Amino acid sequence: MSVVCQHAPFHSPFEGTINLQMSAKESISTEPPTHKGFLTIFQEESRLGAWNRRWCSVQDNKIYYWLYPEDEINQNKAPHGEIDLRNCKSEKVSVASRLECARPNTFVLVTQAASKPGDRCSIITETNNNVTQTKYLLSADSRQ
């Protein structure tokens with residue numbers, strides 16, 4: 001990739017064209033997760049919203065969640081669900097405003113991905129133009 005430097009300051013060492021080569025590689029970590037604990041997640045159940053307390057583990061750019069901590073240890077139990085942080089559209093994670101959610105210590109994560117067959121609009125999901133956006137509300141026991 002070549003980048004042409006235009007309007008560089010007079011004393012800038014950059015002028016003309018800069019040739020740039022970049023590469024990226026996704027890797028799956030074999031390191032143990034750095035963050036584990038309970039979060040209460042707002043989920044859709046029977047077209048209504050419900051708060052469910054789940055054991056969560058952050059690993060490999062995903063938040064995995066189970067019903068109980070023992071379920072994570074049991075290799076035969078698949079996670080109850082996951083949130084892919086690579087699709088996260090939220091620029092900053094912070095405590096949600098009281099207008100957004102009255103539950104204390106709640107933060108919002110918005111993910112966006114290509115729509116899959118069966119995706120539909122719901123309380124937490126919007127589907128438009130082949131893109132599905134999901135708004136996750138996650139509540140911690142404390143601010144730490």
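A nonpolar core is a set of buried Ala, Val, Leu, Ile, Met, Phe, Trp, Tyr and Cys residues joined through side-chain atoms within 4.5 Å. With that in hand, here are close-up views of this predicted model.

**View A. The largest nonpolar core holds eleven residues.** Its members are Leu39, Ile41, Cys56, Ile63, Tyr65, Ile83, Phe107, Leu109, Tyr136, Leu138 and Ala140. Strands S3, S5, S7 and S9 are the elements that give two or more residues to this core. A second, separate core has seven residues, including Phe42, Val108, Ile124 and Leu137. As background, nonpolar side chains tend to be buried together in soluble globular proteins.

**View B. Leucine 39 and the residues it touches.** Leaving aside residues up to four places away in sequence, leucine 39 touches Asn52, Arg53, Arg54, Cys56, Phe107, Leu138, Ser139 and Ala140.

**View C. Asparagine 52 sits in strand S4, which spans residues 48-59.** Is this asparagine 52 buried or exposed? Asparagine 52 counts as buried because its relative accessibility is 14%, and the cut-off for buried is under 20%. The side chains of asparagine 52 and glutamine 43 are joined by a polar contact of 2.9 Å. Not counting residues up to four places away in sequence, asparagine 52 touches Leu39, Thr40, Ile41, Gln43 and Glu45.

**View D. Strands S3 and S4 run antiparallel and are joined by eleven bridges.** Strand S3 covers residues 35-45. Look for histidine 35, whose bridge partner in S4 is valine 58. The hairpin of S3 and S4 has two residues between the strands, and serine 46 there takes a positive phi near 55 degrees.

**View E. Strand S4 also pairs with strand S5, again in an antiparallel arrangement.** Five bridges join S4 to S5, which covers residues 62-66. Glutamine 59 has lysine 62 as its bridge partner in S5. This hairpin, too, has two residues between its strands, and aspartate 60 in the turn has a positive phi of about 55 degrees.

**View F. Glutamate 44 and arginine 120 meet through their side chains in a salt bridge of 3.4 Å, N to O.** This pair links distant parts of the chain, with glutamate 44 in strand S3 and arginine 120 in the loop between strand S7 (106-114) and strand S8 (125-128), 76 residues apart. Glutamate 44 counts as partly exposed because its relative accessibility is 23%. Arginine 120 is likewise partly exposed, at 40%. How many salt bridges does the structure hold? There are seven.

**View G. Arginine 53 forms a salt bridge with aspartate 141, with the closest N and O atoms 2.9 Å apart.** Here the partners lie 88 residues apart: arginine 53 is in strand S4, and aspartate 141 is in the segment after strand S9 (131-139). Arginine 53 is partly exposed, with a relative accessible area of 40%, whereas aspartate 141 counts as exposed at 53%.

**View H. Glutamate 82 and lysine 62 form a salt bridge, their closest N and O atoms being 3.1 Å apart.** Glutamate 82 belongs to strand S6 (residues 81-84) and lysine 62 to strand S5, a separation of 20 residues. Glutamate 82 counts as partly exposed at 38% relative accessibility. Lysine 62 has a relative accessible area of 16%, so lysine 62 is buried.

Methods: Residues are numbered from 1 along each chain as its sequence is written. This is a predicted model: local features need pLDDT of at least 70, side-chain atom pairs count only at pLDDT 80 or more; totals for chains, interfaces and linings use all residues. Side-chain values use heavy atoms; hydrogens and water are left out. Helices (H or I, at least four residues) and strands (E, at least two) are DSSP runs, numbered from the N terminus. Buried means under 20% relative accessible area, exposed over 50%, partly exposed in between (1.4 Å probe, protein chains only). A polar contact is a pair of N or O atoms within 3.5 Å; within protein, one must be able to donate a hydrogen and the other to accept it, and residues adjacent in sequence count only if both atoms are side-chain atoms. Contact means heavy atoms within 4.5 Å. Two strands pair if DSSP finds at least two bridges between them. A salt bridge is a side-chain nitrogen of Lys or Arg within 4 Å of a carboxyl oxygen of Asp or Glu.
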